[in-house]
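Please walk through this structure one part at a time, with the sequence at hand.

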Amino acid sequence: MSEETKNSKLMFAVPLIIFFLLCIFLFKGLFSNPRELQTGRLGQEMPAFNLPDLMQDNKNWSEKDLLGKVYLINVWGTWCPTCLVELPYLTKLRERGVEIIGLYLEQGYDPDFDGEFNIQALRDEVSQMLARTGNPYQYNIFDLNRSLAFDLGVSGAPETFLVDSKGVILLHHTGDLNERTWRAKFAPKFTELKEVKL
């Protein structure tokens, strides 16, 4: 076989192989579930953080404050329409004894362009929203610069994490938490950890 024939076959084969690999990749994507996106931190401890309380001046929270309890971290914002739908169900969970910590994400804030952040306006907005929907949160951690969200691998809101008493992240759910999701995904593990049927 001549060198020219080998080269022409190679020139035909390489694009064909790339095409087939691309088809396989896209085909897998068609059947993937976007709600099954998982943080790379499953099975790891909560990342270290020191962030302010959303509603209280001069109060900060760290991962150490959360040790010794089983809890959910719920990522949310008043700008998020799905969060608005989710809040009443989360409030029912809190009434049933589930401890829920809010991780509040502010959308679109950039200190280089937006200047000083108006925390009081946000507090008013949060208070009004939670008064309408119910307040599921023990308290809210304010992650203005998204440092904790980044460390957790958060892609948006709402997202919910189940963390055990040693601070290890056991579950991660993208999208709203509702009765069906709670029963299928969270309740078995939560019941095991708390020895309480919910």
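In this predicted model, strand E4 is mostly covered, as five of its five residues are buried. The cover lies on both faces of E4: Ile-100, Gly-102 and Tyr-104 are buried on one side, and Ile-101 and Leu-103 are buried on the other. In a regular strand, side chains alternate between the two faces of the sheet. Strand E4 pairs with strand E3 in the parallel sense, and five bridges join the two. One of the residue pairs is that of Trp-76 with Tyr-104, its bridge partner in E4.

Strand E6 covers residues 159-163, and five of its five residues are buried, so E6 is largely enclosed by the rest of the structure. Both of its faces are covered, with Glu-159, Phe-161 and Val-163 buried on one side and Thr-160 and Leu-162 buried on the other.

The next strand is E7, residues 169-174, which runs antiparallel to E6 and is joined to it by five bridges. Leu-162 has Leu-171 as its bridge partner in E7. The hairpin of E6 and E7 has five residues between the strands, and in this hairpin Gly-167 takes a positive phi near 85°.

Leu-171 deserves a separate look. This residue lies in strand E7. Is Leu-171 buried or exposed? Its relative accessibility is 17%, and the cut-off for buried is under 20%, so Leu-171 counts as buried. Leaving out residues up to four places away in sequence, Leu-171 touches Leu-42, Thr-160, Phe-161, Leu-162, Lys-185, Phe-186 and Lys-189. Arg-41 is 130 residues from Leu-171 in sequence, yet the two are 9.5 Å apart in space, C-alpha to C-alpha.

What does Trp-76 contact beyond its neighbours within four places in sequence? Its contacts are Cys-83, Leu-87, Gly-102, Leu-103, Tyr-104, Leu-105, Val-126, Met-129, Leu-130, Tyr-137, Asn-140 and Ala-157. Trp-76 also belongs to a cluster linked by ring pairs, together with Tyr-104, Phe-117, Tyr-137 and Phe-142.

How many aromatic pairs are there? The count comes to seven aromatic pairs. One of them joins Tyr-104 and Phe-142: the ring centres are 6.2 Å apart and the planes stand at 50°, so this pair is tilted. Tyr-104 is in strand E4 and Phe-142 is in strand E5 (residues 139-142), so the pair ties together parts that are 38 residues apart in sequence. Tyr-104 is buried, with a relative accessible area of 0%, and Phe-142 is also buried, with a relative accessible area of 6%.

Phe-117 lies in the loop between helix H3 (111-114) and H4, while Phe-142 is in strand E5, so the pair ties together parts that are 25 residues apart in sequence.

A ring can also be approached by a charge, as with Trp-61: the charged end of Lys-59 sits over its ring, 4.3 Å from the centre.

The structure holds one disulfide. It is formed by Cys-80 and Cys-83, whose sulfur atoms are 2.4 Å apart. The link of Cys-80 and Cys-83 is right-handed, with 85° about the S-S bond. Cys-80 and Cys-83 are both buried, and Cys-83 is among the contacts of Trp-76.

Conventions
Residues numbered from 1 in each chain as written. Predicted model: local features only at pLDDT ≥ 70, side-chain atom pairs only at ≥ 80, totals over all residues. Heavy atoms only, no water. Contact = heavy atoms within 4.5 Å. Disulfide = S-S within 2.5 Å. Buried < 20%, exposed > 50% of the residue type's maximum accessible area, 1.4 Å probe, protein only. Phe/Tyr/Trp six-rings, centres within 6.5 Å; stacked < 30°, edge-to-face > 60°. Helix = DSSP H or I, 4+ residues; strand = E, 2+ residues; numbered from the N terminus. Lys NZ or Arg CZ within 6 Å of the ring centre and 35° of its normal. Pairing = 2+ DSSP bridges.
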